[in-house]
Amino acid sequence: MTMLQVRGLSAGYGAADVLHGVDFSVEQGTIVALLGSNGAGKTTTLRALSGLIPARGTIEFCGSDLNRRNAAQRVVLGLAHIPQGRGTFGDFTVEENLAAGAYTIGDKRQVAADIERWYAAFPRLAERRRQQAGSLSGGEQQMLALARALMSRPKLLMCDEPSLGLAPAITEEIFEIFKSLNREHGMTLLIVEQNADLTLQFADTAHVLESGSFTASGAARDLLGSEAVQQSYLGV
Amino acid sequence: MQLFFQLVVDGLASGAIYASLALALVLIFRATRIVNFGQGEMATFSAYCAWQLCEWGMPMTPSFLVVGALAFLLGIGVFRFVIRPVSKAPVEAVVVVTLGLFVVFQALSLWLWGSDQRAFPSMFPNVGWDLLGVRVTASAVGIVGVLLGLAVATGAIFRFTRLGLAMRASAYDGEKSLLVGIPVERMLMLGWGFAAVIGFVAAVLVGPRLFLSPTMMMPILLYALASATLGGWDSPLGAMIGGLIVGVAESLGATFLPFIGADLRVVIPILVTLLVLLVRPVGLFGTRTVVKL
């Protein structure tokens with residue numbers, strides 16, 4: 001089943017478009033990767049999808065037209081976006097961050113149960129529940145950002161450059177968590193990354209963005225090591 | 001020594017009023033990075049509305065409650081129709097807009113009610129007690145009590161409720177808050193509403209002490225600005241403690257510093273502001289450096 005269907009998506013900042021009419025879809029229960037070098041339009045795509053910037057084209061998510069919903073309403077529909085640089089509230093404690101992540105959930109008992117559930121999955125967060133998020137290490141902050149996004153019980157989890165600023169071993173750990181979320185909980189993921197080799201090992205489908213358009217799309221294992229991917233990074 | 005304690009008690013009472021208005025200023029600044037220079041005049045306008053209801057025969061308590069609700073709507077309306085349209089403008093433009101609020105609301109009060117001073121009813125009985133030679137009035141106790149109530153209420157809302165968490169999140173980072181589904185604009189609007197109510201409370205406290213007039217809150221605004229600067233513009237607790245310190249400093253300074261005296265007492269908040277800006281620009285309880293303004 002198609003969860004997200006994007007057609008002719010254009011977006012940008014001010015007068016100039018960064019993204020020139022891309023089409024893609026995300027099937028339920030899959031991991032989709034958006035690859036590309038700096039400035040290719042990956043972050044712009046996610047920001048347009050979550051409603052942080054205005055966009056043209058159609059975005060259909062679980063049968064709803066997202067263009068009619070603002071950013072906060074899209075979270076209610078089941079869209080979660082972990083922005084570049086984690087997006088945690090540095091002044092808040094770990095637990096307050098999780099509670100803020102559950103803003104759209106009305107049921108207090110469910111929120112409390114979810115907090116305990118993610119503490120169990122990420123014991124390091126449980127140890128630091130009263131600590132300010134800003135004092136956590138990069139890897140812990142990424143875990144907190146992930147747990148916080150999951151607090152809203154999303155259907156589609158979008159993550160912008162999870163590897164940014166993390167040691168390779170930590171990055172791998174984060175990707176393993178993505179994989180297990182996908183396998184064990186059927187979570188659908190849309191991951192934006194510069195680290196193509198690693199991402200292609202975990203993703204099902206991938207799209208390569210260059211200057212705001214797709215230059216290659218296909219099954220992740222076919223793109224692994226392909227010329228199209230290398231070209232988009234090296235510019236040859 | 002008796003005189004000293006008497007002045008401290010008097011200073012705490014007026015300081016609590018500065019603290020209330022400073023709290024209103026800080027709540028708005030934290031959420032929207034805007035100093036609302038019109039806060040005091042909005043409060044005066046609300047106080048006039050309450051006075052008018054009393055004049056028309058409504059008892060004091062219900063008229064205060066009605067106007068409290070009106071002040072909330074006034075704050076929301078000002079944000080929605082005056083502040084939001086300029087929220088992306090440079091800070092200088094926004095300053096001019098809030099100075100405009102100051103002018104508009106003062107002119108509105110003057111136009112509707114004239115420049116005559118009116119006696120404003122007091123919430124507190126006109127009694128006092130003698131404690132070891134220091135005169136403590138019910139009104140002084142009541143004013144400090146109201147400030148404590150405000151402090152506890154805002155603290156509890158921010159710390160323990162979902163609404164408070166969402167308001168803090170919106171103040172901390174609007175975009176991150178949107179991404180967790182918080183309707184940020186609604187939170188900012190509520191913040192302006194709450195601030196207007198707190199400003200009204202300050203006006204209700206000061207009214208019986210000064211007489212009601214269109215310019216009643218002007219000096220109070222000056223003291224409140226000094227209090228917020230002293231306590232730190234991003235700290236509600238700091239603003240309240242700053243208010244109490246400024247109140248006591250004013251009361252002591254006017255008596256013990258002969259070159260200031262009663263006529264020059266308004267210099268004291270300006271000196272406090274200057275000193276803070278020189279020594280510790282973020283204020284006593286502030287954390288983040290405030291770069292603009």
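Where in chain B is the place of B:Leu257? B:Leu257 sits in the loop between helix 10 (236–256) and helix 11 (267–279) of chain B, where helices are DSSP runs of H or I with at least four residues, strands are runs of E with at least two, and both are numbered from the N terminus.

This is a predicted model, in which local features need pLDDT of at least 70 and side-chain atom pairs count only at pLDDT 80 or more, while totals for chains, interfaces and linings use all residues. Residues are numbered from 1 along each chain as its sequence is written, and chains are lettered from A and ligands numbered from 1 in the order in which they are written.

B:Leu257 counts as partly exposed because it has 13 C-beta neighbours inside 10 Å; a residue is buried with 20 or more other C-beta atoms within 10 Å of its own, exposed with 12 or fewer, and partly exposed in between, with C-beta atoms placed from the backbone. The C-alpha atoms of B:Leu257 and B:Ala151 are separated by 32 Å, and these residues are 106 residues apart along the chain.

In chain A, strand 8 (residues 188–193) is mostly covered, with six of its six residues buried. On one side these are A:Thr188, A:Leu190 and A:Val192, and on the other A:Leu189, A:Ile191 and A:Glu193.

| Partner strand of chain A | Bridges to strand 8 | Direction |
|---|---|---|
| Strand 3 (residues 31–35) | Five bridges | Parallel |
| Strand 7 (residues 156–160) | Five bridges | Parallel |

A:Ile191 stands opposite A:Ala33 and is also the bridge partner of A:Cys159.

Technical notes: Two strands pair if DSSP finds at least two bridges between them.
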